[in-house]
Amino acid sequence: MKFETKAVHIGRHPDKQTGAVATPIHLSTTFEREADGTFPHGNIYSRNGNPNRLSLEECIASLEGGETAAAFSSGQAATMSVLQTLKPGDHVIFPDNVYWGSVKLLKDIFHHWGISYTLTNATDLNELEKSFTPKTKLVWLESPSNPLLKITDLQKAADMIHAHQAVCVVDNTWSTPVIQRPFELGADLVMHSTTKYFGGNSDVLGGVIVSKTDNEFFQKIRMIQQTGGAVPSPFECWLILRSMPSLSLRMNAHSENAQELAEFLEKHPKVTTVFYPGLISHPGHLIAKKQMNGFGGMLSFLVKGGEAAAVSVAGKVKVFTRATSLGGSHSLIEHRASVEGPDTQTPWNLLRISIGLEHIDDLIDDLDQALM
Ligand SMILES: *Cc1c(COP(=O)(O)O)cnc(C)c1O
């Protein structure tokens with residue numbers, strides 16, 4: 001089956017009792033045993049698994065091309081489950097430009113539990129190579145990175161990580177499997193904040209870890225999911241699964257809009273730099289072209305005149321909404337540094353944009369008037 005067909009059908013089965021085509025939401029927290037003590041439907045208790053979560057996991061695993069997946073109550077809970085497999089003394093490598101919440105987990109939680117970490121410029125494979133220690137167990141990659149849209153050659157990075165016997169995890173939230181398939185490039189695990197493009201409507205929080213193979217490492221993540229209990233509710237799983245059939249159409253529309261907007265901004269006199277891998281001027285353009293199908297719906301740019309000028313542009317938009325997050329139908333604009341806080345590495349004149357599904361002419365006109 002092709003991607004679009006899987007997105008419609010995998011994990012969905014017309015309800016045997018009622019014939020309902022839309023998947024029912026199963027709120028039951030507990031499931032009946034047979035007289036012989038077995039569970040004929042495979043469900044025991046909703047923290048361990050429930051029909052809506054299993055449907056969602058089956059669908060996402062199939063779309064990423066992995067064998068299995070574990071859904072969580074947020075992207076952060078999903079990332080946590082990967083870090084919770086580690087032991088005190090273990091070392092991990094994260095990119096120096098990466099979703100800031102991922103680093104916050106290391107700095108404010110796992111560091112205190114004896115996990116050491118190195119933040120490195122993962123775009124530069126020599127820098128990455130130098131960051132390994134004999135204790136390195138796991139390397140986290142994010143390409144394009146947040147918020148600078150730096151590109152890492154995922155295939156080359158994964159080969160290096162495996163040469164060091166470490167696990168390669170890719171946060172694929174910004175691309176989704178429509179744009180990028182990390183398993184085909186060597187990744188062992190793929191993480192998503194399903195809050196973003198998978199949910200697609202800015203109305204549900206969730207996360208998922210997909211594994212290329214249902215191996216011992218993934219079994220630990222499954223155990224942490226079921227025992228730790230940071231799981232999504234049946235309704236949340238249902239909402240995310242409901243958005244999957246339109247994922248491919250939406251991602252292509254986001255990408256097309258983003259490309260046009262990036263080209264507009266690159267020519268604008270009030271903009272000094274545009275970070276979008278679809279631009280030929282982007283240093284990672286050729287690698288992005290090789291490993292992505294389209295370049296996604298996220299971009300950042302630097303406004304001439306510093307922080308005040310950037311904040312003023314964000315203050316004048318009418319079609320864009322000033323808000324954090326991404327992946328919904330609304331275009332969002334954000335002064336990223338003020339969200340990340342005083343010790344951020346993000347330039348203070350940077351605005352990050354999540355391009356929505358509005359008509360591109362309205363988006364361009366809106367930024368044009370805001371940049372006046
Ligand atoms: C939002 C986001 C996360 C965190 O996910 P939550 O659902 O907010 O917990 C992780 N990685 C990336 C790239 C994100 O955009």
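## Basis of the model

Residue numbers start from 1 along each chain as its sequence is written, and side-chain values rest on heavy atoms, with hydrogens and water left out. Because the model is predicted, local features need pLDDT of at least 70 and side-chain atom pairs count only at pLDDT 80 or more, while totals for chains, interfaces and linings use all residues.

## The sheet

An open sheet of 7 strands shows mixed pairing in the order β1-β7-β6-β5-β4-β2-β3; strands are DSSP runs of E with at least two residues, and helices are runs of H or I with at least four. Two strands pair if DSSP finds at least two bridges between them. Strands β1 and β3 (116-120) are the edges, each pairing on one side only. The twist averages 20° from one strand to the next.

Strands β2 (residues 91-95) and β4 (residues 136-141) run parallel and are joined by 3 bridges. H91 stands opposite T136 in β4.

## Residue F72

F72 belongs to strand β1 (residues 68-72). F72 has a relative accessible area of 2% and is buried (under 20% relative accessible area, 1.4 Å probe, protein chains only). Beyond residues up to four places away in sequence, F72 touches several residues, including A77, G206, V208 and I221 (heavy atoms within 4.5 Å).

## Helices α10 and α14

Helix α10 (residues 247-267) packs against helix α14 (residues 360-370) at about 30°, with the axes 10 Å apart. α10 is therefore roughly parallel to α14 (angles under 35 degrees). The contact involves N257, E260, L261, F264 and L265 of α10 and I360, L363, I364, L367 and D368 of α14.

Technical notes:
Axes are lines fitted to C-alpha atoms, for helices over the stretch in contact, and angles run from 0 to 180 degrees between N-to-C directions. Angles under 35 degrees count as roughly parallel, over 145 as roughly antiparallel, 65 to 115 as roughly perpendicular and the rest as oblique. Buried means under 20% relative accessible area, exposed over 50%, partly exposed in between (1.4 Å probe, protein chains only).
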